[in-house]
Structures are given as C-alpha cells and as structure tokens.
Amino acid sequence: MVDGTPDEREWVDPPESFVAQANVTAADRDAFRAAGWPECWRRAADLLEWDRGFDAVLDGGASAGTDDEGSIRWFPGGRLNAAHNCVDRHVEAGRGDETAVAWEGKLGETRTYTYRELHDEVNAFAAALRELGVGEGDVVTLYLPMIPELPVAMLACARIGAPHSVVFAGFSADALATRLSGAESEFLVTCDGYYRRGAALDLKRRADNACVSVSHSVEQVVVNRLDDGRPAGDCHAYADLVDDHAGATVEPVARESDDLLFLIYTSGTTGEPTLVRHTTGGYLTHVAWTSHAVLDLGPDDTHWCSADVGWITGHSYAVYGPLALGATTVLYEGTPDHPETDRLWEIIERNDVDVFYTAPTSIRAFMKWGEEHPARHDLSSLRLLGSVGEPIDETAWHWYRDHVGDGDCPVVDTWWQTETGGIVLSTLPGADRMRPGAVGKSLPGVETAVVDETGRHADDGEAGQLVVTRPWPGMARSLCEESGWGARRTRRVDGEWQYATGDNAVRDADGYLHLLGRADDVVKVSDRRLSTAEIESAIVGVEGVAEAAVVVGADDEAAHRSEIHAFVSPESNVAGDDALRERVGRAVEEAIGSIAVPDVVTFAPSLPKTRSGKVVRRYLAAIANGEELGDTSALRNPEVVGELESLLDR
Ligand code: 6R9
C-alpha cells in the first residue's frame, strides 16, 4: 500500500547448496561495500580485460559530492574492446571449443556456435562491414529477429568501434524509419524474412519502406537470407560477405571507456520511446558484474534470458553479460506457446539450463497454462531463477519457484531500466534472504532513496518516487551529460544528486524495497494514495484470475474519491461472472481494506501490452474514462483495445 508500512512478509532463505557455490557470498558483498563508493566498482572492472588501465574509477563532480556541474565519466583513461572481452579472451584462454551461443529455431532446428566459431564469424563480418565503409563511430542499425546473426553483428560492430542500434524485428517500417533517423544511421543489417508462429514475415519489405522514408540516405544494406541465394536489389547478402571474408582477422579497436557501445530506444514502459546511449567501459563493467553477482554466472553455466535481444534486457543479459563471463547463452527465436505450451521447459531440459531469467508477464502466462507443463519435464539443471520487467507478486513468485524451480531455487527479482543499463535493485542470491513481493535492497555500489515530490527522503513505510542518489557504471551516457547534470531526469536536492526513475516504491523496516509501479499509476482515494500494483497483487491472488490491471476512473465528487476500475483476465476455462467479481472484491478488502475495492470489474480476454510484454495502463485508463486512445502502435495486441471498448459499450 502506498500509505503505511507493507505487511510483514515471510523470508525465504537460499538453499545451503546454492550459497556454498555462489560467486558472491555475504563476505564478498560486505567487502565490496566496504571498499566504498565509487572505489568498489574497481573490483567489478577487474572482471574485464582492459587494453589500457583507467586513471580513476569515476570522473565528474558527482564523485566528489560537490556542486560543480560537469559530465560524469566512468573509468576515464581506460581503453577496452567489448568483442575482445566477450569472445577473443575466452578463445585465448583455451576455451574455444566451448559453446558460446546455443540457438533454438522456431521450426525446431538448432544451431550452436563455439567461442571459436563465434570469433571467426565476428571477424569475418567485422571485415565485411569495414569494407562496406563502416568506420569507428558510425552507427549500424540491426533490424533482425532472434537469430545468431544478431549477436554476431552486434559483436562485429563492437569490434570495429561502430555503435549498434538494434531495432526489435516486430516493429513496423515507420518505427524503423524513426529509429534510423534518430540514430542518423547510414548502415542497415536486416533479413528477408523470419518465421513467427510458423508463418514467414517479410522484414526486407518493411526495411525498404523505412529506407525510402528517411531524409538521410541509408548507404549500405546487408540482408541475411532465409533461404540460400542472393537478395534482390541494391544490397549485400550476409552469407556472401561472411564467405568472402572467411579467415580474416580484424584487430579489435581499443575504445575509450566512455565511447559508445550502442544506442537503444526505451521500450515505451517509461514513457514515449526515447533514444538512450550506452558506453563501453561503464556498461560492460556493470552488466558483467551483475551477471556474476546477481545471476551467479560463470564459464561453466548455461544461461537463458528469454527477453528479445531487441530490448535492453536481451542486450545486457542474453548477449553482453553472459558472453563477457564466458558462459553459454541460449537464444530462442520462437514464442513460448508454439508448437506447444511446454516449449520453454523442453528447451531448458534439452540444454541443461542453469539459470533462467524471464518476465512476470510470461510467468503469469505459464500459470494460466497450468503446472502440468513444467511438471512433464526434467528441470533439475536449474539452480537460479530471475524475474525482470514488472513487479512480481507473491503468488507468481511462489508459483515460479515451486513449479519451475523445484521448490528450492532462489528467485531474484531484479529492478532496472533501459536507462540504467543493468540491474540496480535485487537481492544477491548467495548472500541475501529473499522476501517474495519485494525486490530487495540496492546492489552494493548503488545508492537509492525513496523521496517525496520535493526530493526529501521519505521514512520507511512511506511511499514516494524511487531515485538513485549516486552515479552507477551502467548509467546511460545521456544521463551524464547534455546540460551539466544533464538529462531532465537528474536533479540536485540539497547538494544530493538524484536520478528520478519514474517508479514509486516503499521501503520496509528491513530496508527492502517494494516496487509500486510507475509514478503515474497511483490511485488517489479519499486523499489516500494507493498503488495499482498492490491492488493488482491482491486480485491475482484470487483463484481463477490470470492477470489484472487497475486504473483510476472518473472522480466521484460526493465520495471524495476516484473510481477504481479493475480489468481482470480470468484463467482459461474460468468464467468471468458475478461470483468471481465478488471474490475479487473480497480479496482486495482483506488485503488492503474496503477503500480499495474496485468499483468496476471488467473481465477481459487479455490486457493491452507493449511489444516487450508489459501491461500499458494508460490505454486502460482511457478506455475506462471513455477518452480518445491516440496512437496504439506501441502495442503488440492493439485489437484487444477494441474488444475492451465494446465490452464497456463505448
Ligand atoms: C529492464 C526493463 C523499465 C521499467 C521500470 C519499472 C519496470 C522493471 C521491474 C520493474 C517492478 C521489477 N520494472 N523491472 N518493476 N519490479 N523487477 O524492464 O527496462 O523496458 O526500460 O522498463 O520496467 O517500471 O521503470 P525497461
């Protein structure tokens, strides 16, 4: 609840067997903290190989905690190459025959790349890009689905110092055009088609449409063919380029720590999609260290982050983090329910996946489909589970641990954003107790606070906006510079630097943070502020409910409150009837109080979601209030909006 202390919740301890083998124990955590900020990050930077050692951990006014304005630079003076760190050094260490990428295709086919094979193809493609005129600093747009050529192309760009800009393959020509223009990118790598639920989609046609609608000229286009053969028109075939440059070696360019590794647009969760830029040294340090400490990855592990590489989660924890540590990363091209709803469990079993990292929206879908699907598979290779993207309520947390994690895998709930580059809040699975429903504390080396509108620190139990109060290495470069303290989301309050995350949170008496959803998703009722996340969590605890989203409806002047409107998606085979409506009301009353009981409950077949799978409440609020919806192109299921409108007779 926004007002008041969160209920005392149970503690869950990681099993002894996990703690005994963990990369970061309580003693390691304490030593890291004891090194002090920002010096502690020097230890994290040791996970990487630097071509030139850095002169200082951090440069910029923020490090001294003074008022002087200026840009923040992590590891100034240091030089490194991300592709060398993610590929070459593992081959040099004699691990060339170990699997780097295990790819699972949509039609059931598989492909693996050893570190040596990855090295060879990255070199060949890097040589080809150079020949096409790509120089250091040139932005290369990668409009590719989840195929191995995507990480190969990312690493080839990194090798020659060309920042990449990956555009999610599900985006339209218009969305691609906006992103090509925003990044002023003159180079495009795409493919002629890919399969989605068994049907081939034509990506090349969309790419062509995008190229003609941008004002600058896209100089070179590379096309990866679905079938063999040469692509039509004025472009290059990926396979030809790689063949022509087979055996080439391209010396990795030693980049300055602060040089750009990539550009990426935010997913639409934190507002309109905006362009964010990430650095080489700070970003790679942050994702390598969090992969090591939070995801507990090492060279012997197989890791599967189910996010699409088109989003930040895929960049950080499907590509850069696991490969920097020499692990195996699983890439899956398909959807979780095709051909059957046990597809993911089958992939985990066959690949002996150690660590699985997914989103609550997927976990809720697994729950809806039923526990019999994971139960049919041997998932005993799993030793750690992770969640990211939305708050994970206690019901989903337990379901995940019980039915996927065999009842004893630690579950890390990790909070972060495109802007933060990597995980910022989480428990450390080998060092901290878990509290289902809470993310945990800030990671060692990261400092956060909960503040009111004026930036004053809130008391424990008092809700407010989550701010980060010290720079962290994975921070987007866009937050470090521009106008002094920079981007509109950083500010100074009584000399304290604050990055406003736009999320609400409350800290409990044990210092654990409970995320309450986006700051704009707060319901005001009789001067009390209730978080939609808390109401939703009570609703999804009701048997038969798969998903729920709560929004604020019209004001009821007489009652001094706004209407609370809940959109509830029942599990398949469960009827959305008055009996369920009543159970929903009762659950909210018990968990929070009668004040929070929804006035309207609309049963919906599904909820509107971004293409990265997050519920977008602003559309639901518009529907509840009979307002214009505007542009729904950020949605992956725009049709559901029409269905909901017709349900409400509007
Ligand atoms: C990595 C990613 C960022 C927004 C963020 C917050 C929500 C992410 C969360 C979480 C509660 C978690 N979010 N992780 N909310 N608990 N563990 O998702 O990046 O697409 O930029 O979204 O997602 O609202 O502000 P991005």
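The count of salt bridges in this model comes to 35, where a salt bridge is a side-chain nitrogen of Lys or Arg within 4 Å of a carboxyl oxygen of Asp or Glu. The model is a predicted one, in which local features need pLDDT of at least 70 and side-chain atom pairs count only at pLDDT 80 or more, while totals for chains, interfaces and linings use all residues. Residues are numbered from 1 along each chain as its sequence is written, and side-chain values use heavy atoms, with hydrogens and water left out. Helices (H or I, at least four residues) and strands (E, at least two) are DSSP runs, numbered from the N terminus.

**Salt bridges**

- Side chains of opposite charge can pair when their charged atoms come close.
- Arg 52 and Asp 55 form a salt bridge through their side chains, at 3.3 Å from N to O.
- For accessibility, buried means under 20% relative accessible area, exposed over 50% and partly exposed in between, with a 1.4 Å probe and protein chains only.
- Arg 52 counts as partly exposed because its relative accessibility is 40%, and Asp 55 is exposed because its relative accessible area is 57%.
- Another salt bridge joins the side chains of Asp 296 and Arg 383, at 2.7 Å from N to O.
- This pair links distant parts of the chain, 87 residues apart: Asp 296 sits in the loop between helix H11 (281-293) and strand S16 (302-305), and Arg 383 in the loop between helix H15 (372-375) and strand S19 (384-388).
- Asp 296 and Arg 383 are both buried.
- Glu 547 and Arg 364 also make a salt bridge, their closest N and O atoms being 2.9 Å apart.
- Because Glu 547 lies in strand S28 (residues 545-556) and Arg 364 in helix H14 (residues 360-369), the pair ties together parts that are 183 residues apart in sequence.
- Glu 547 is buried, with a relative accessible area of 7%, and Arg 364 counts as buried at 9% relative accessibility.

- The buried residues in H14 are Pro 360, Thr 361, Ser 362, Ile 363, Arg 364, Phe 366 and Met 367.
- These buried residues pack against helix H13 (343-351), strand S18 (355-358), S19, helix H16 (394-404) and S28, contact meaning heavy atoms within 4.5 Å.

**Helix pairs**

- Axes here are lines fitted to C-alpha atoms, for helices over the stretch in contact, and angles run from 0 to 180 degrees between N-to-C directions.
- Angles under 35 degrees count as roughly parallel, over 145 as roughly antiparallel, 65 to 115 as roughly perpendicular and the rest as oblique.
- A crossing is left-handed if the near helix is turned anticlockwise from the far one by less than a right angle, and right-handed if clockwise.
- Helix H5 (residues 82-95) packs on helix H6 (residues 115-131) at an angle of about 135°, with axes 9 Å apart, and that makes H5 oblique to H6.
- The crossing of H5 and H6 is left-handed, and Cys 86, Val 87, Asp 88, His 90, Val 91 and Arg 95 of H5 make the contact with Tyr 115, Arg 116, Leu 118 and His 119 of H6.
- Helix H17 (residues 532-540) and helix H18 (residues 578-591) pack at about 125°, their axes 8 Å apart, and are therefore oblique to each other.
- H17 and H18 cross in a right-handed sense, with Ile 535, Ala 538 and Ile 539 of H17 meeting Val 584, Ala 587, Val 588 and Ala 591 of H18.
- The contact of H17 with H18 has seven nonpolar, no polar and no charged residues; Ala, Val, Leu, Ile, Met, Phe, Trp, Tyr, Cys and Pro count as nonpolar, Asp, Glu, Lys and Arg as charged, and the others, Gly among them, as polar.

**Leu 241**

- Leu 241 belongs to helix H10 (residues 238-244) and is buried, with a relative accessible area of 8%.
- Leaving aside residues up to four places away in sequence, Leu 241 touches Phe 125, Ala 128, Leu 132, Val 222 and His 236.
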